[in-house]
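Student: I would like to learn how to read helix packing from a model. Can we work through one together?

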Amino acid sequence: MNHSDFDSILKTIADQHCTTPEEVKAGICEAITAGMKNSDPAKCNLWRSMGSGAEVPEPEDAVLFFSALTAIRTLGLLAQSGPSTTEQ
């Protein structure tokens, strides 16, 4: 996903929720921080496994990761066990 694609996604979400792309991105950052502080080690490892190997994933990496995970699960290529994409 390139930068302009991510910006477009943020704008679409912001428009749907009557907010700004900056607020949407801030919300994603808050979710990443909360997810990485989860007391369940498996969930923390899930958050750490995404992205470029940075200590804290970039919002772009988190969106791409969960989009791909959702698509894989939708296609039935991955069992539904493990951390839910809706849990932090």
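Student: What covers the buried residues of helix 1?

Tutor: Buried means under 20% relative accessible area, exposed over 50%, partly exposed in between (1.4 Å probe, protein chains only). Contact means heavy atoms within 4.5 Å. Helices are DSSP runs of H or I, at least four residues, numbered from the N terminus. Here the cover includes helix 2 (21-36) and helix 4 (59-74). This is a predicted model: local features need pLDDT of at least 70, side-chain atom pairs count only at pLDDT 80 or more, and totals for chains, interfaces and linings use all residues. Residues are numbered from 1 along each chain as its sequence is written, and side-chain values use heavy atoms, leaving out hydrogens and water.

Student: Which residues are buried in helix 1?

Tutor: Phe6, Leu10 and Ala14. They lie on the same side of helix 1, because their arc around the axis is only 75 degrees. That arc is taken from the directions from the helix axis to the C-beta atoms.

Student: Which residues have the most contacts inside the largest nonpolar core?

Tutor: In soluble globular proteins, nonpolar side chains tend to be buried together. A nonpolar core is a set of buried Ala, Val, Leu, Ile, Met, Phe, Trp, Tyr and Cys residues joined through side-chain atoms within 4.5 Å. The largest one here has 14 residues, and Ile28, Ile32, Trp47 and Phe66 have the most contacts inside it. Helix 1, helix 2, helix 3 (41-49) and helix 4 each supply at least two of its residues.

Student: Where is Cys29 found?

Tutor: In helix 2. Cys29 is partly exposed, at 32% relative accessible area. Its C-alpha atom is separated by 6.1 Å from that of Pro59, 30 residues apart along the chain.
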